[in-house]
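Please consult the sequence and the structure shown below alongside the text.

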Amino acid sequence: MKKFFTLTGISFMFLLTSCDDGNLVYKDIDFSKVTAVERCTTLGADKIYFKLQNDEALILVIDAENIMKDETNSIKEVNIDGTATSLDYRKYSAKVAANSICNLPPPASPSVIQSIPASPGGTVVIEDNLQITNATSTTSNAVNLIYQYIFSLKNINFSEGQTNIKYDKMLFGTTNYITRALDFNFNNNNTQGLNDFSCNNLLYTLRDKEALSLNLTEADLPTAPTTTDKVIELSKDRLVQLKQYQRGGIKLTDVCNNDGDIPGSSPSNPNRLLEHWGALQGQIVIRTRETKPVDGSKPKLLHEIKLINVTFVKANYTNKSFTKGLIDFGTYVTDVN
């Protein structure tokens with residue numbers, strides 16, 4: 001008996017057909033309520049992404065990290081070849097859990113009672129996405145970042161015996177692969193004050209594992225106390241940059257001498273540069289007052305530097321941004337002329 005059925009344009013729905021005493025039996029398999037994609041963390045199984053629903057599993061095997069390593073394009077397409085990249089539907093003898101997918105070898109129970117692979121020739125589309133949550137409360141100025149892969153499928157053909165199930169497009173789902181937080185909690189270079197423009201002619205403030213730099217020269221600072229704040233608009237020549245590293249305790253010389261990672265105790269142990277954001281929009285606001293030293297020494301000019309309505313973007317995510325209404329950059333002291 002030979003049966004052929006084609007299904008086009010239905011997301012997460014497959015109509016599986018099988019022969020039973022000459023009768024055609026239909027069974028619905030609907031993954032539409034399963035929006036999140038899980039990933040195996042077991043050693044050797046970290047290329048497996050899957051969705052579970054009771055006794056069913058939809059399994060995608062793909063080397064997403066390596067494929068998305070080239071950041072020049074946030075969307076990549078990969079052909080399903082059945083080996084390096086594959087897609088399978090499985091039905092189990094009982095409710096299935098992640099260890100049945102990820103453990104090598106898998107547990108004996110539940111067992112696979114039906115497995116239908118996608119034939120070579122279909123396409124997996126991976127989109128690198130970024131979700132941003134920007135805290136603006138008085139207790140937190142942090143920015144939470146969630147990096148995601150969004151998987152969709154095109155021109156897929158599931159084949160079981162004499163039955164083919166085809167569809168032209170569907171969304172597989174989304175998985176989070178990195179979460180980070182940018183603290184934005186600067187306090188004058190760990191209470192040591194801002195640097196003296198000796199680092200690449202930039203003004204820096206550091207905190208733990210984050211560095212904030214500003215294209216501002218000493219000539220831009222007021223030479224007398226101000227009654228009105230001095231305002232300088234950000235631009236390509238007045239860029240603010242934020243860098244976050246893997247480990248804390250960064251030093252100004254380390255940041256200055258290395259555009260990317262900071263060398264560690266060995267070549268295999270660098271302090272990796274994890275985040276690099278730039279801002280071309282916003283304002284530098286400088287308020288200057290004269291100090292009155294209690295020891296009778298000569299007064300100084302104390303410049304309080306703030307950043308107002310600064311919009312940060314990241315090179316590979318130009319369509320994603322966040323705006324900070326107020327950042328206390330720090331204070332800088334100069335002599336009175």
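**Overview**

Among contacts in the protein chain between residues at least 6 apart in sequence, 63% join residues at least 24 apart; contact means heavy atoms within 4.5 Å. The model is a predicted one, in which local features need pLDDT of at least 70 and side-chain atom pairs count only at pLDDT 80 or more, while totals for chains, interfaces and linings use all residues. Residues are numbered from 1 along each chain as its sequence is written, and side-chain values use heavy atoms, with hydrogens and water left out. The chain contains 4 helices and 18 strands; helices (H or I, at least four residues) and strands (E, at least two) are DSSP runs, numbered from the N terminus. Of its 337 residues, 42% are buried, where buried means under 20% relative accessible area, exposed over 50% and partly exposed in between (1.4 Å probe, protein chains only).

- Strand β5 (residues 56-61) is joined to strand β7 (residues 86-92) by 6 bridges in the antiparallel sense.
- Within that pairing, Ala57 has Arg90 of β7 as its bridge partner, and Ile59 stands opposite Asp88 in β7.
- β7 is also joined to β8 by 5 bridges, and these two strands run antiparallel.
- Arg90 has Ser115 as its bridge partner in β8.
- Strand β7 is mostly covered, with 6 of its 7 residues buried.

**Nonpolar cores**

- In soluble globular proteins, nonpolar side chains tend to be buried together.
- The largest nonpolar core has 29 residues, of which Ile305 and Phe312 touch the most other members; a nonpolar core is a set of buried Ala, Val, Leu, Ile, Met, Phe, Trp, Tyr and Cys residues joined through side-chain atoms within 4.5 Å.
- Two or more residues of this core come from each of β10 (143-160), β13 (210-214), β15 (240-245), β16 (273-290), β17 (300-314) and β18 (317-335).
- The element that gives the most to this core is β18, with 5 residues.
- Apart from this core lies another, of 26 residues, among them Met68, Leu87, Val124 and Ile165.
- When residues up to four places away in sequence are not counted, the residues touched by Phe312 include Phe184, Leu212, Val240, Leu242, Trp277, Phe322 and Ile327.

**Buried polar and charged residues**

- Lys76 is found in strand β6 (residues 75-79).
- Lys76 is buried yet has no salt bridge, and Asp70, the nearest side chain of opposite charge, is 5.2 Å away.
- Here a salt bridge is a side-chain nitrogen of Lys or Arg within 4 Å of a carboxyl oxygen of Asp or Glu; Lys and Arg count as positive and Asp and Glu as negative, while His and the chain ends are not counted.
- A polar atom of the Lys76 side chain lies 2.6 Å from the backbone oxygen of Asn73.
- Beyond its neighbours within four places in sequence, Lys76 is in contact with Ile67, Met68, Asp70, Val124, Val125 and Ile126.
- Ser152 is found in strand β10 and counts as buried because its relative accessibility is 18%.
- Leaving aside neighbours within four places in sequence, Ser152 is in contact with Thr123, Val124, Val125, Met170, Leu171 and Phe172.

**Backbone features**

- The peptide bond from Leu104 to Pro105 is cis, with omega near 0°, and Pro105 is placed in the loop between α2 (98-102) and β8.
- The peptide bond from Ser109 to Pro110 is cis, with omega near 0°, and Pro110 lies in the loop between α2 and β8.
- Asp208, although not a glycine, has a positive phi of about 60°.
- Asp208 is located in the loop between β12 (203-207) and β13 and is partly exposed, with a relative accessible area of 42%.
- Asn309, a residue other than glycine, has a positive phi near 50°.
- Asn309 lies in strand β17 and counts as partly exposed at 47% relative accessibility.

Note on methods. Two strands pair if DSSP finds at least two bridges between them. A polar contact is a pair of N or O atoms within 3.5 Å; within protein, one must be able to donate a hydrogen and the other to accept it, and residues adjacent in sequence count only if both atoms are side-chain atoms.
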